[in-house]
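Try each task before you read the solution.

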Amino acid sequence: MNWDYRSNRSALFDGIEEGGIRVLHHTPMKLMSRKMIELWMKRKANWLHLSSGITNHMFCIGKVKNTYFSPSFLVNNYSSYTWKKPVKLTRSSDFYGVSISHSEAIKSGTVVDTYIANNILSGYSKCKQINLARQLFEEITQRDIVSWNSMITGYVNLGKNNISWELFKAMKRDGFSYDQFTFGSILKGIAWINDLKAGKQVHSMIIKMGYEWNVFSASALLDMYSKCKRIQDAYQVFECIPEPNFVSWNALITGYAQIGDRETAFFLFDRMERHAIGPDDVTFSSLLTLLDDPKLYKVTMQIHAKMIKCGRLIDTAAHNATITSYSECGSIEDSRKVFEDEDGIRDLVTWNSMLAAYVVHDYKSLAVELFIEMQRHGIEQDMYTYSSILSACFGLKHHKEGKSLHGLAIKRGLDQAVPVCNSLIAMYLKSSNTSMEDAIKCFDSMEFKDNVSWNSILTGFSQNGLSEDSLKFFGWMRSRPLPVDQFAFSAVIRSCSDLATLQLGQQIHVLVLKSGFESDDFVSSSLIFMYSKCGVVEDARKSFDATPRCSTITWNSIIFGYAQHGQGNIALDLFLEMNEKNVKPDHITFVAVLTACSHIGLVEKGLTYLNNMEPKYGIRPRMEHFACGVDLLGRAGHVREAKKLIESMPFEADATVLKTLLGACRLHGDLELATEIAKRLLILEPDEHCTYVLLSSMYGHLGSWEEKASIKRLMKERMVKKVPGWSWIEVKNEVHSFNAEDRSHPQHEEVYQRLEELMEEIRWLYNGEDEEFSNT
């Protein structure tokens with residue numbers, strides 16, 4: 001007959017009791033399927049008290065699931081059966097299999113056997129059913145050390161370290177002695193949470209019980225010290241192990257790799273091989289994390305060759321680390337070759353590693369193609385996949401792609417993952433100035449926000465010119481239980497620089513000193529920039545002198561500070577000192593150096609620096625360097641030479657370079673070239689008011705009134721409006737803003753009256769100098 005389980009729910013669940021389920025013997029075997037089990041689970045059935053009906057049909061469940069479980073008894077006769085060896089699970093993580101084994105043990109009465117109960121308890125722990133494991137643990141009348149160890153390991157693997165620690169202490173109270181497996185499990189949990197104090201307590205117990213020579217306990221101990229950044233203690237533990245195994249060596253090598261000690265890590269690797277301990281995927285993966293510079297490319301190749309020699313080509317983890325290492329050494333081609341060689345053994349990390357490599361090297365189109373290829377292959381993408389691909393969608397050109405990925409992240413349920421949300425915020429902030437609102441919406445929608453989330457919004461306000469909003473947001477951050485880090489301080493100090501609010505900047509400087517971030521490169525750089533922008537170059541120099549002087553970032557800031565204050569000679573002397581101290585300059589350094597040359601009229605010297613950038617320093621000139629070169633020539637009146645420099649550029653000039661040349665034309669009255677440049681600018685940026693204003697001002701200055709009127713008409717036709725310039729001054733910790741002929745300030749009458757008095761005094765002084773000059 002055809003049996004419909006939906007129409008016979010009352011028969012199926014007849015007899016559901018608080019203590020368990022009573023299944024009718026006449027229930028057809030084909031109903032004993034996964035569906036039925038799921039229904040029972042939804043009704044909160046207690047698997048620990050299954051009665052004989054379900055037990056006698058367990059072999060049917062195995063067949064329905066396409067996983068055959070050999071029946072532990074003969075079912076030809078319901079009244080009697082012969083017990084066989086307990087079921088050995090083919091997959092320890094199979095919850096159904098563990099449940100079957102448990103029900104059979106209950107049926108046979110062998111669940112009281114500690115050995116069998118421990119096997120079932122371990123199975124529940126491995127498939128993360130810790131509550132069922134704990135329930136069975138409490139029912140074991142004669143627990144042994146294996147019972148306790150299984151429970152402690154189960155809680156540690158789930159990250160419930162507080163409960164595992166309580167069980168660890170209870171184990172001692174109940175009179176059980178710890179063994180190497182107890183120590184190994186509890187130290188694993190301690191290492192995860194970096195609880196050094198607890199780790200030292202366990203270390204003392206290990207010594208007290210004589211397990212310091214045990215390789216299993218000692219390996220777990222040195223791993224704990226390594227992850228707690230106590231690498232010297234880890235090394236001392238290692239030296240006490242009579243015969244360290246590969247786990248011991250790997251734990252120590254990984255520890256040194258995590259603190260970036262490349263020399264010691266490779267020294268240990270050499271010792272490991274001399275002791276005839278073969279490296280595995282963990283060894284190679286740890287060493288490859290240290291190879292992150294183009295200078296180390298050959299070493300990466302040697303490690304890769306060693307992997308091939310040791311037969312580790314099938315180790316996915318080591319292959320993934322190789323992809324990342326080649327990428328960080330600057331060889332995206334080798335990363336791609338390793339990725340292609342992994343065909344057949346790739347996992348999600350492999351795809352993510354290659355995707356991240358493309359993004360880091362700015363191969364955005366290849367990154368998008370790889371992302372689409374992942375979808376075609378049915379790869380289940382995670383939050384790291386989306387974080388990487390969103391990083392490839394920066395800029396207005398990729399804004400639509402970024403929006404599409406945002407929708408896809410929502411569809412996949414990843415829109416609340418913190419790394420994805422942070423990448424979305426960064427993507428919107430870097431797409432355009434008008435996307436700040438979208439970034440704030442992402443931020444507001446986050447259930448949990450980390451420091452990166454807060455700092456991204458703060459930096460977004462600062463970089464988009466919303467400095468007042470940045471300061472307000474920083475105040476909100478400080479009112480919350482959130483630690484303010486160096487990146488937040490750097491961003492808010494930049495906002496003080498933009499507003500030239502010296503007093504507020506000084507207050508934040510005090511907060512920096514109290515927080516201990518004064519030696520951080522980014523914070524120091526921002527302080528130097530802030531004091532320079534506020535006109536106090538002496539305090540900028542004090543902030544620079546307080547740094548270790550080993551970072552390019554701080555050198556760049558102080559060179560910029562002197563250059564912008566017209567003290568170009570000091571700036572160039574600092575550049576020479578920077579080279580003497582072997583601090584490597586970058587492209588920003590040369591922008592500062594060229595600016596210094598421009599402001600003091602060192603044309604030949606500036607051009608020499610520009611021409612020597614690539615052959616001497618290995619830095620290819622960018623658009624901003626050519627803009628500085630144009631400004632250098634333009635200020636000195638060499639307008640035509642500036643034009644030739646633009647024509648010699650290896651790429652098309654952008655609006656910044658052309659505006660610089662247009663400004664030089666206006667300064668020296670080259671109307672013909674100015675008109676030519678202006679036409680190009682009006683095509684590139686038809687809505688930018690600066691070009692119209694510069695050209696109109698120039699026509700007016702030269703008396704070309706018809707041309708000036710035509711520019712005004714063009715602005716009106718294109719609905720381009722001049723954005724007024726603003727000036728501001730800080731008085732008694734309050735910022736007052738003004739623009740030309742502004743009368744919106746509540747004290748404008750007193751301001752204009754005082755301004756008139758100052759103008760009278762200037763005129764009097766000017767007339768006095770003229771009379772003195774005529775008398776001489």
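**Exercise 1. Charges over rings**

Find the ring that lies under the charged end of Arg346, and do likewise for Lys449.

Solution. Keep in mind that this is a predicted model. Start at Arg346: its charged end sits over the ring of Phe339, 4.1 Å from the ring centre. Then go to Lys449, whose charged end sits over the ring of Phe443 at 5.1 Å from the centre.

**Exercise 2. Classify two aromatic pairs**

Decide how the rings of Phe238 and Trp249 are arranged, and then how those of Phe575 and Tyr617 are arranged.

Solution. A search of the whole structure gives 31 aromatic pairs. In one of them, Phe238 and Trp249 are 4.7 Å apart centre to centre, with 70° between the planes, and the pair is edge-to-face. The cut-off used here is that planes over 60 degrees apart count as edge-to-face. Finally, check burial. Phe238 is buried, with a relative accessible area of 2%, and Trp249 is buried as well, at 1%.

Now take the second pair. The ring centres of Phe575 and Tyr617 are 6.1 Å apart and the planes meet at 55°, so this pair is tilted. Phe575 lies in helix H33 (residues 568-580) and Tyr617 in helix H35 (residues 603-617), so the pair ties together parts that are 42 residues apart in sequence. Both Phe575 and Tyr617 are buried.

**Exercise 3. Describe the largest pocket**

Which helix gives the largest share of the lining of the largest pocket?

Solution. Begin with the volume, about 450 Å³. The pocket is lined by 18 residues, and the closest to its centre are Arg494, Phe522, Ser525, Ser526 and Ile553. Helices H26 (451-463), H28 (486-499), H30 (521-533) and H32 (552-564) each supply at least two lining residues. The largest share, five residues, comes from H32. By class, the lining has seven nonpolar, nine polar and two charged residues.

Notes:
Residues numbered from 1 in each chain as written. Predicted model: local features only at pLDDT ≥ 70, side-chain atom pairs only at ≥ 80, totals over all residues. Heavy atoms only, no water. Phe/Tyr/Trp six-rings, centres within 6.5 Å; stacked < 30°, edge-to-face > 60°. Buried < 20%, exposed > 50% of the residue type's maximum accessible area, 1.4 Å probe, protein only. Helix = DSSP H or I, 4+ residues; strand = E, 2+ residues; numbered from the N terminus. Lys NZ or Arg CZ within 6 Å of the ring centre and 35° of its normal. 1 Å grid on protein atoms, 1.4 Å probe; cavity = no way out; pocket = protein on both sides within 12 Å on 5 of 7 lines; lining within 4 Å. Points joined across faces, edges and corners; volume = space filled by probe spheres on them. Nonpolar A, V, L, I, M, F, W, Y, C, P; charged D, E, K, R; others polar.
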